[in-house]
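I opened this entry to record what I looked up, one topic at a time.

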Amino acid sequence: MASSTDMIVSMFHDQRIRFILVGGINFFVSYVTYVTMIYLGAHYFIANIAMTVVGVPISYILHKHFTFRQHTRSLTEALRFFSVYVINFLLINLSSYIQIYILKCNSYFAGAINIVLITLLSWFGHRYFSFKQ
């Protein structure tokens with residue numbers, strides 16, 4: 001029978017678990033950045049920019065080395081990673097506009113929903129495009 005430590009260690013062999021862990025870290029950092037900007041009176045677009053500027057480098061480093069275990073340097077890989085976030089950025093701003101101005105949602109709520117959206121889009125974009133193996 002495997003010990004609980006062995007079971008925990010074996011979970012780290014699953015790329016999806018590693019992605020969720022990195023996503024959790026990035027969710028926390030990104031959402032704190034977004035909420036802080038909104039609290040300070042920034043427009044949601046500026047808050048989304050700040051969230052992206054803070055979150056993308058953290059996400060790239062953690063996904064590259066921990067989630068997808070890519071240790072080679074590759075400009076192509078970095079550009080593909082960045083392009084996934086450009087698409088995400090455009091989509092979250094469209095989503096923010098719809099949620100805030102059409103659906104009349106709270107900016108804090110819209111930010112949380114958008115980070116979940118980014119996480120789902122990022123999994124597919126990074127798994128099958130940025131860090132494809």
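**Ser130 and its surroundings**

I listed what Ser130 is in contact with (heavy atoms within 4.5 Å), leaving aside its neighbours within four places in sequence: Glu77, Arg80, Phe81, Val84 and Gly125. The model is predicted, so I note that local features need pLDDT of at least 70 and side-chain atom pairs count only at pLDDT 80 or more, while totals for chains, interfaces and linings use all residues. Residues are numbered from 1 along each chain as its sequence is written, and side-chain values use heavy atoms, with hydrogens and water left out.

I placed Ser130 in helix H5, residues 107–130; helices are DSSP runs of H or I, at least four residues, numbered from the N terminus. Is Ser130 buried or exposed? Ser130 is buried, at 0% relative accessible area; buried means under 20%, exposed over 50%, and partly exposed in between, with a 1.4 Å probe and protein chains only. I also found a polar contact of 2.9 Å between the side chains of Ser130 and His126. Such a contact is a pair of N or O atoms within 3.5 Å, and within protein one must be able to donate a hydrogen and the other to accept it; residues adjacent in sequence count only if both atoms are side-chain atoms.

**Leu91**

I found Leu91 in helix H4. Leu91 counts as partly exposed, because its relative accessibility is 35%.

**Tyr34**

I looked up Tyr34 in the same way, leaving aside neighbours within four places in sequence. Its contacts are Tyr44, Ala47, Asn48, Met51, Ser107, Tyr108 and Gly111.

Definitions and conventions
Helix = DSSP H or I, 4+ residues; strand = E, 2+ residues; numbered from the N terminus.
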